[in-house]
Amino acid sequence: MAGRIVVPFGPQHPVLPEPIHLDLVLEDERVVEAIPSIGYVHRGLEKLVEKRDFKDFVYIAERICGICSFTHSVGYCKAIEAIMDLQVPERAQYLRTIWSEYSRLHSHLLWLGLYADAMGFENLFMNAWRIRETILDAMEETTGGRVIQGVCKVGGVRRDISDAKLKEMTAKLDSIGGEIEDLCHVFFDDASVKHRSVGVGMLSKEDAHKLGAVGPVAKGSGIALDLRQTGYSAYGSLDFKPIVETGCDCYSRCIVRAKELAQSVDLIKQAAANIPAGDIEVKVKGNPDGEYFSRVEQPRGECIHYVKANGSKNILRERVRTPSSANIPPLVKMLEGCQMADVPVIVLSIDPCIGCAER
Amino acid sequence: MHKEEQTITEVGVDNLVSEVSKMYDEGYRLVQIGCGKYDDIFEINYSFDKDCKFVNLRLKITEGVVVPSITGVYLCAFIYENEIHDLFGVSIKDIAIDFKGNLIRTSVKNPFNTPTVTKVKAAKPAKSENAAAAGAKPDVKSDAKPDTKPDAEKKKEEA
Amino acid sequence: MSGLTKSPWIIHYDASSCNGCDIEVLACLTPLYDVERFGILNTGNPKHADIFVVTGSVNEQNRQVIKNIYDQMPKPNVVIGVGICACSGGVFKECYNVAGGVGQVIPVDVYVPGCSVRPEQIIDGVVKALGILEEKRAAFAAESKKGTDTGANADAKKDGGN
């Protein structure tokens, strides 16, 4: 029996696109304890509210993270709109829903690719990202941006999607639907995927609840936690049920995300079929005064934008709690007792977004 | 317009942990802990959720008050408590996994704990800055005093 | 050594980027853009790399990390700052924890502005960098020819022959 050794993991590591540092305490090949240390990407953007007025801050909020960018701007705008009691037009709500689901598609395809890459399955990585490009094309055609859209604003959205374009988009989704299905089947059935992820990185339902897991991490541990159930934007009028898996391992978290792809496609089609005509924005008068915790379901889980304002054009405090920071304690739990060689797969299974976690 | 109902209950430093334990026993999930500094008051919000019902406990403290950690109840609070400690300089006692100010290593210490700049009156900013500077100085002095006093006392003793 | 610019290897480090530029750097490798067909490879090891791609701005935490990676890279090499944050700090310039562009820590050869940068721009930047790499390589070869003994000369000749 070897003594304990501490192996540093990160911040610059071939498997990590982003810098996170973990001190792994090892006994032979087994991880006894993992101590995360972050701060490499901390920018301190919450403090920028003192320098930007509340309408301008949307573009900072959007740049908290380049993957959940659109959902961050929705979260922030929703907080301001709730404080100011703005009636955002229905059409804008539907458009936000459509773009949010496109973000989810792009984020989950990105993650499935990275996860495949962490397992050493490069072909699958390339395939996932190839399909993702068609999603980004749709984003670019409708908003003008691939990953940072800049289309959401306080009181509505900046651009409309014509009905003809919506038809074209759904037709496109139909045509790539088969490809997405094929891709998902590899994740569902492939022996090497199962070999790397079944029973790896266990997180029981109790632990997930106690440690405050959110998003696919919670859903993969049998907790039906999905804020789209609260019915913000247009989710209230769409048919939707959270996807839950009970395996509590990396495989379940992977399956949840793969199944959410089909769900997002379905939600986009529903929204495109039911979108009402009308304005896409409402005029914003005055400054916000009050406080609100705005909650949205991002691809990675529940995100909180807390805004407190006192009636001046600069809000007093914006606090963002991103899904990735909530999922760090569950990650520490998952890593306990795992093998050193499984660490990259487990770290990726929470879909860590360090840009989000540190802001 | 979708607006969630959000209740906020004020708690004190004494009953914080017992109130949090109550939430835990009722099956609530800890959503987040967030801090804000308004004038000289630190406002710490503890948010909980159960079946999409959103509830908050609010603790208001002044500078220097030590807040008990709730990691004994919700272990995951360590990430938020360390963050509040690093960004605001609020001291939190007995955090289960205490990074001792090294979770988010910022170039400026406690960046959010700056004197609040009030933009209410145009003539006053200079004054309020002075006041802020004056507010900062006593801290330095009080830090320095214990060092100088013993020296002085030593000299007396030597004499 | 002339093979250097035919098949440059790239190392990517995310300074304090929002991820937007990082995923676009990765997107360059994937089937639509596929820079690997030009021989450009992404590596995780600084000692294998010719081109250092940095996204995001510098802060106190990552200053040393960036410098370490740069120092470990073999010379000659080029540095590309990808995204407006790597150029100047971008929208986060005024944040307390952002010191500014990558140019503050290491010499940058090519700046690729944009928020977020498009993959086409990144590829364009890399192609620009290749020209600079070739110049540096020639200067490096000339330097080692001039200043060293016959052994180095023989090496240079061998390379020339290849």
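Is B:Asp39 buried, partly exposed or exposed, and what is its relative accessibility? B:Asp39 counts as partly exposed, at 49% relative accessibility. One caution before I go on: this is a predicted model.

Stay with B:Asp39 for a moment. Its phi is near 50 degrees, a positive value in a residue other than glycine. Where is it? As background, most residues other than glycine have a negative phi, and most peptide bonds are trans.

Now chain A. A:Cys248 is not a glycine either, yet its phi is positive, about 65 degrees. This cysteine lies in the loop between helix 8 (215–219) and helix 9 (250–274) of chain A. Is A:Cys248 buried or exposed? A:Cys248 has a relative accessible area of 12%. The cut-off for buried is under 20%, so A:Cys248 is buried.

On to the peptide bonds, in chain C. The bond from C:Lys75 to C:Pro76 is cis, and omega is near 0 degrees. C:Pro76 is found in the loop that runs between helix 2 (63–72) and strand 4 (78–82) of chain C. Next, C:Cys115 to C:Ser116. That peptide bond is cis too. Here omega is near -15 degrees. C:Ser116 lies in the loop between strand 5 (110–112) and helix 4 (119–147) of chain C.

How many strands form the open sheet of chain C, and in what order? Five, in the order 2-1-3-4-5, with parallel pairing. Strand 2 (41–43) and strand 5 of chain C are the edge strands, each pairing on one side only. From one strand to the next, the twist averages 30 degrees.

Look inside the sheet. Strand 1 (residues 9–14) and strand 3 (residues 51–55) of chain C run parallel, joined by five bridges. Take C:Ile11: its bridge partner in strand 3 of chain C is C:Phe52.

Then the helices. Helix 1 (residues 20–27) of chain C lies across strand 1, strand 3 and strand 4 of chain C. Helix 1 runs at about 145 degrees to strand 3 of chain C. Helix 2 of chain C packs on the sheet and touches strand 1, strand 3 and strand 4 of chain C. The direction of helix 2 makes about 170 degrees with that of strand 1 of chain C.

Conventions:
Residues numbered from 1 in each chain as written. Chains lettered and ligands numbered in written order. Predicted model: local features only at pLDDT ≥ 70, side-chain atom pairs only at ≥ 80, totals over all residues. Heavy atoms only, no water. Helix = DSSP H or I, 4+ residues; strand = E, 2+ residues; numbered from the N terminus. Buried < 20%, exposed > 50% of the residue type's maximum accessible area, 1.4 Å probe, protein only. Pairing = 2+ DSSP bridges. Axes fitted to C-alpha atoms, helices over the stretch in contact; angles between N-to-C directions. Contact = heavy atoms within 4.5 Å.
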